[in-house]
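Welcome, and thanks for opening the viewer. Let's take a walk through this model together, one selection at a time.

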Amino acid sequence: MSKPTSPFSKAELIPQEEMLEVSRRKGDLHIGIPTENHFQEKRICLTPDAVAAIVANGHKILIEKGAGIQAGFTDQDYSEAGAHLTDDKKKVFGCPLLLKVEPPTPDELKLINPKTVLVSALQLKTQDEHYFETLAKKKITALAFEFMKEADGSYPVVNALSEIAGTASILIASELMVNAPKGNGLLFGNISGVPPVEVVVIGAGTVGQYAIRAALGLGANVKVFDSSIAKLRRVQTKIGRPIATSTIQPKNLLKALRRCDVAIGAVRGKNRAPVIVTNEMVEKMKRGAVIIDVSIDMGGCFETTEMTTHDKPTEIKNGVIHYGVPNIPARYPKTASVSLSNILTPYLLEMAECGGLEESIRFDPGLRNGIYCYRGILTQKAIADWFDMNYSDINLLIF
């Protein structure tokens, strides 16, 4: 009698245990939103509509009274949306998940409990080593808006604020030409029989692109300068109409600046924005022309621009009006708050769906990229290089 043949081995014929997929365990979020105390900061991370959506999913939100007033949202709006309100700042900072627009101050860091999850801007240029030492001491997990990535590699919060800054730069220029001392009194608009306003945009990134859109929409003539041909070509494609573009050459740039009524500086740099427009170039500009240096937070690309505030936004040098406010989106707190809230809300709901930030960053590499401090351990190379500190790769800590 022949032996029965089988394509399976003896081990494979032994009954095996069934492998079932383990579902993600949902978690409840307890979010604290304090009032922003930073100078001239009026924004808030979540709007009442976003709060309602998050609360409807079974999560708790504790908001300090008055946190949204300067952005146009009352305490009653948040209360009706399902948030709890309190006067006790310490209680808000005691929440396991903290949402802030600006990074916490040294006094606010003292109120944060150990092992808290902090979601806020980082603003590396304004920080010192003590800030990161405090995070390490309290084993805080911190996530920065600036480092959060989408699947396509873009930075959603940075792009959203850049859109606001670019559009706002043209609107601010149109106000200054009329209202500022020694303004030239020109109207931003294509009026029959009147030559249009001449605008020079230096930098063809997101800020520059939206400044171009706004200027063209108001009927201005626009010239764009950038050192990258690829960026200039991309702007031409996205704008959808022919505009004058040029690489940054001193002769061509000076010629454009001498004729322009408005100059927008939107050039970024690695550690500092490069100085593109010198004092000698500014001296040859029209009297009453307006300079909006959007890159002033990185030092500015106009040599003559100095940092100013929303209360006193302009300085006049060589007869030219200089606007050097570093935080332009804060001038439009409601728009900026809605934009920020739209980006953060899906991340928060995803975080809860995964069972908290710890699990969420395992599945979302873009969110994981936003972590710069994991349980007190520095995880961003850029920060470590800036302050000459030790860091560990986040991928080595969570897997």
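Predicted model: local features only at pLDDT ≥ 70, side-chain atom pairs only at ≥ 80, totals over all residues.

Begin by selecting E14 and E15, two strands that run antiparallel and are joined by two bridges. Colour Tyr374 and look across to E15, where Ile377 stands opposite.

## Step back to the whole chain

The C-alpha trace spans about 105 × 65 × 45 Å along its principal axes. Switch to a cartoon view, and you are looking at 16 helices and 15 strands. The chain has 399 residues, and 48% of them are buried.

If you draw contacts, count those with a separation of 6 or more: 65% of them link residues 24 or more positions apart. Colouring by charge brings up 46 positive and 44 negative side chains, with the centres of the two sets 5 Å apart.

## Follow the sheet

In what order do the strands of the open sheet lie? Select them as E3-E2-E1-E4-E5-E6-E14-E15, eight strands with mixed pairing. Strands of a sheet pair through backbone hydrogen bonds, either parallel or antiparallel.

Look at the two ends of that row. Strand E3 (84-86) and strand E15 (377-378) are the edges; each has a single partner strand, so one side of each has no neighbour in the sheet.

Now move through part of the row, pair by pair:

- E4 (residues 97-99) and E5 (residues 117-120) run parallel and share three bridges. Leu98 has Leu118 in E5 as its bridge partner.
- E5 and E6 also run parallel, with four bridges between them. Here Ser120 stands opposite Ala144 in E6.
- E6 and E14 (residues 371-374) run antiparallel, joined by two bridges. Ala142 is the residue opposite Cys373 in E14.

Stay on E6 and show its side chains. In a regular strand the side chains alternate between the two faces of the sheet. In E6, Thr141 and Leu143 point one way, while Ala142 and Ala144 point the other way. Are these four residues buried or exposed? All of them are buried.

## Two loops with a positive phi

Select Lys115, in the loop between helix H5 (106-111) and E5. Lys115 is not a glycine, yet its phi is positive, at about 65°. Its relative accessible area is 65%, so Lys115 counts as exposed, the cut-off being over 50%.

Then select Lys139, which sits in the loop between helix H6 (129-137) and strand E6 (141-144). Its phi is positive too, near 55°. Lys139 is partly exposed, with a relative accessibility of 44%.

Hide the surface and look inside. In soluble globular proteins, nonpolar side chains tend to be buried together. The largest nonpolar core here has 42 residues, and Ile31, Leu46, Ile61, Phe145 and Leu348 have the most contacts inside it. Which helix gives the most to this core? Helix H12 (residues 333-354) does, with seven residues.

Centre the view on Leu46. Beyond its neighbours up to four places away in sequence, Leu46 touches Ile33, Val51, Ile54, Ile61, Tyr78, Leu99, Ser341, Thr345 and Leu348.

Because its relative accessibility is 11%, under the 20% cut-off, Thr345 counts as buried. Setting aside residues within four places in sequence, Thr345 is in contact with Leu46, Ala50 and Ile54.

Apart from the largest core lies another core, of 36 residues, including Leu176, Val207, Ala214 and Leu216.

For a last stop, select helix H8 (residues 206-217) and find Gln209 in it. Gln209 is buried, with a relative accessibility of 8%. Leaving out residues up to four places away in sequence, Gln209 touches Lys238 and Ile239.

Methods. Residues numbered from 1 in each chain as written. Heavy atoms only, no water. Buried < 20%, exposed > 50% of the residue type's maximum accessible area, 1.4 Å probe, protein only. Contact = heavy atoms within 4.5 Å. Lys, Arg positive; Asp, Glu negative; His and termini not counted. Charge placed at Lys NZ, Arg CZ, Asp CG, Glu CD. Core = buried A, V, L, I, M, F, W, Y, C linked by side-chain atoms within 4.5 Å. Pairing = 2+ DSSP bridges.
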